[in-house]
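Please read each numbered point with the structure open.

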Amino acid sequence: MGDEGGRLDFLDWLRVLAVFGVFVFHTLRPFDDADWHVKNAETSEGISIAIAFLGLWGLAFFFMLSGAGAWLALRWRTAGGFLRERVLRLLVPFVVAYVLLSPPQYFIEEHHKGRSDASFFGDVRTFFSDLSGHAPLWLRDTYHLWFLIYLLQFALLGLPVFLWLRGAQGRRMVDWIARRCERRGRILLLAAPLVPVHLVLLAAPGPEHGWGEFVFFFDFFVVGCLVMSDDRLMAAVRRDAVPALVLGLGAFLLGMATGIIDFLDGWWEDPSYSWVYLWYSTLITFAVWGWLSAVLAFGMRAPAFQRPLPTPVARAAMPFFIVHQPIILAVAYYVVGWDANLWMKYAVLLPTAFVLSAALAWMLSILPGVSVLFGVKRQAHVSIDSTQRRKTP
């Protein structure tokens, strides 16, 4: 989300699609079976399955794209410049958005769930008074802004890895991997080294954004960097789009058929080792990599994605991500109280929240001095001549 020049255009398009995917994901949350900030009285098992499917790989895809963008950014920036840019583009928007947008979300949730009848400013005072003497800010419920903190932490942790991959030993390892991925289907085996890491560290995407999820997403952040580090790996991803789709879909359906949702519902409350965990953890890792590889290959192949994003869309992507959830909660707060069926409510919620989010994001992206506070680069993207940039395989 909002990485540097020098990145391939299809990554920008995929990132915008990923932002929209997160938006759709959050518009579905009032209607699934799990707890959320605002809930409809009627829920849908079908929506719950869709949430499980999107949650399985959608955020991992976001982090993989961010790892890819970080690798390309380091081709044009020093390590110090890279870290300064990450702080400006991630930490500043996080602090601004947390201060401005978290209190309204707190107010909406507290009133929706009947835990408060105070005025807005009364709940704001309660929200900020609760910040003292407790866990650090990055360990609290930061609503959807946890994503920005993860990205900043991943940049700090990933930088030594990226720099090592650029060195002689790292290049030899990348060359060894790339040569073995030249045969059809072998790029899908990149998930294999992740399996023992996820097994040992109890790493899996989950609802609480804990340590295991942190490790899981960081692994795919590094995989995104690795794929971008060699044209042969990118070519292998592009070539193996169909096998990757078969792997992702097949592993997901196999998990559903063997009760993965019921297992995870209990496992997240008390993560532990078992033979069942061994099965599902392995399945999840391969399913996620299958979907990530397939969608990445789609981006590489799609002719429309080989041209730059329209500037207004590129500039508004980060502000849209920041403002979309508070707007969804505000609209949902009223919609779920209507005397109407679930799908009628959703038919109102999705387009209304999208129009309001897009309009506000566009306004924030063009306001001088304000746009940078919401993660917009100080100057417009400058295209790099095709002779200077890496060719898409």
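**Notes on the predicted model**

1. The count of salt bridges comes to 15, where a salt bridge is a side-chain nitrogen of Lys or Arg within 4 Å of a carboxyl oxygen of Asp or Glu. The model is a predicted one, in which local features need pLDDT of at least 70, side-chain atom pairs count only at pLDDT 80 or more, and totals for chains, interfaces and linings use all residues. Residues are numbered from 1 along each chain as its sequence is written, and side-chain values use heavy atoms, with hydrogens and water left out.

2. One of these salt bridges joins D175 and R232, whose closest N and O atoms are 2.8 Å apart. D175 belongs to helix α6 (residues 168-180) and R232 to helix α9 (residues 231-239), so the pair ties together parts that are 57 residues apart in sequence. Helices here are DSSP runs (H or I, at least four residues), numbered from the N terminus. D175, at 27% relative accessibility, is partly exposed, and R232, at 28%, is partly exposed as well. The terms are set by relative accessible area: buried is under 20%, exposed is over 50%, and partly exposed is in between (1.4 Å probe, protein chains only).

3. R232 also forms a salt bridge with D230, with the closest N and O atoms 3.0 Å apart. D230 counts as buried because its relative accessibility is 7%.

4. A further salt bridge links the side chains of R239 and D240, at 2.9 Å from N to O. R239 is partly exposed, with a relative accessible area of 26%, whereas D240 is buried, at 0%. Elsewhere, salt bridges that share partners connect D35, E109, E110, K113 and R115 in one network.

5. E110 is located in helix α3 (residues 79-112) and, at 12% relative accessibility, counts as buried. The side chains of E110 and R115 are joined by a polar contact of 2.8 Å. A polar contact is a pair of N or O atoms within 3.5 Å; within protein, one must be able to donate a hydrogen and the other to accept it, and residues adjacent in sequence count only if both atoms are side-chain atoms. Apart from neighbours within four places in sequence, E110 is in contact (heavy atoms within 4.5 Å) with R115, S116 and D123.

6. Beyond neighbours within four places in sequence, the contacts of D219 are L194, V197 and H198.

7. Helix α13 (residues 311-335) has 25 residues, which at 1.5 Å a residue should span 36 Å; the end C-alpha atoms are 33 Å apart, which agrees. The expected span is 1.5 Å times one less than the number of residues. At A317, α13 bends by about 40°, and a proline, P319, follows within four residues. The bend is the angle between axes fitted to the seven residues ending at a residue and the seven starting there.

8. The buried residues of α14 include L342, Y346, L349, A353 and S357. Their cover includes α1, α2 (45-73) and α13.

9. V24 lies in helix α1 (residues 9-28) and is buried, with a relative accessible area of 18%. V24 and I328 are separated by 304 residues in sequence but by 9.9 Å in space, C-alpha to C-alpha.

10. Two backbone angles may be checked. Y143, a residue other than glycine, has a positive phi near 55°; Y143 is in the loop between α4 (120-129) and α5 (146-166) and is buried at 7% relative accessibility. L202, also not a glycine, has a positive phi of about 55° and is placed in the loop between α7 (194-200) and α8.
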